[in-house]
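Reader: Could you take me through this structure? I am new to it and will ask as we go.

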Amino acid sequence: MSITKKTDRMDIFIEEEQNSILVQEKWQYLWHTKVTPWLLSEKRHFHKLADLRIWSVWSGYFKLKVTGSSNFATKHKSTSFTLNFDIKWVLKNPHWNVTVTKIAPNTFEQSYIKWNERVIHLDTEDTKLNFKGKVNSKSFYQYPIAHEFGHTVGNSYFALIGKTAIHSDEYSLNNLLNGGFKLDYSSIMNIGNELRNRHLDYILIQLNSMIPNTYFIIA
């Protein structure tokens with residue numbers, strides 16, 4: 001059994017018996033190309049790689065504890081919940097409409113999301129480890145699909161307005177919008193592949209609305 005919250009952008013499952021929490025997004029694809037037509041095997045391969053990259057970067061990193069006065073909080077006062085992230089390919093009723101453009105290898109297409117419209121634009125280079133730049137002799141690499149996924153789980157300018165913080169691309173020059181993290185190059189929301197506690201702000205808001213008098217915090 002699980003405790004579930006379904007939203008417009010994601011579903012959240014608290015799995016008590018497994019001591020885990022799953023954040024799952026349903027993606028419906030629209031396949032574009034600038035080269036050869038898509039084969040079904042290529043579509044399946046793209047989704048498999050997308051799911052793998054997102055899981056490898058985002059899942060298993062955050063451990064959550066529970067506080068509060070509820071029976072659930074009392075029962076799990078010593079439990080550490082592992083937070084996992086997943087995408088599911090669907091043909092109807094998606095959380096996100098995802099356009100994927102097939103492009104030539106080693107070329108570039110700007111990827112982005114539109115939070116309010118629940119739209120994602122990706123390309124076939126986004127599942128590959130991309131060189132993003134060199135700072136002070138250190139090279140930075142990133143899976144762009146894991147970066148864009150970070151926007152869909154709340155690291156968007158439009159996600160937290162009026163709540164706790166405003167997050168967006170941390171490589172932006174506008175520190176008023178990204179919290180001043182431009183120098184944190186290793187961050188997944190900058191040009192690296194590493195997660196930070198601040199990247200979970202939106203998810204924690206969702207979790208803490210699921211069970212009365214129950215609050216999840218990062219362990």
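Reader: Which strand holds Phe131?
Author: Phe131 lies in strand S9; strands are DSSP runs of E with at least two residues, and helices are runs of H or I with at least four, each numbered from the N terminus. This is a predicted model, where local features need pLDDT of at least 70, side-chain atom pairs count only at pLDDT 80 or more, and totals for chains, interfaces and linings use all residues. Residues are numbered from 1 along each chain as its sequence is written, and side-chain values use heavy atoms, leaving out hydrogens and water.

Reader: Why does Phe131 count as partly exposed?
Author: Because its relative accessibility is 48%; buried means under 20%, exposed over 50%, and partly exposed in between, with a 1.4 Å probe and protein chains only.

Reader: Which strand is joined to S9?
Author: Strand S10 (residues 138-142) runs antiparallel to S9 (residues 130-135), with 5 bridges joining them; DSSP must find at least two bridges for strands to pair. Asn130 stands opposite Gln142 in S10.

Reader: And how many residues sit between the strands of that hairpin?
Author: There are 2 residues between S9 and S10, and Asn136 in this hairpin takes a positive phi near 50°.

Reader: Changing topic, where is Ser186 found?
Author: Ser186 is in the loop between helix H4 (175-178) and helix H5 (201-207).

Reader: Is Ser186 buried or exposed?
Author: Ser186 counts as buried because its relative accessibility is 14%. Beyond its neighbours within four places in sequence, Ser186 is in contact (heavy atoms within 4.5 Å) with residues including Lys138, Phe140 and Arg196.
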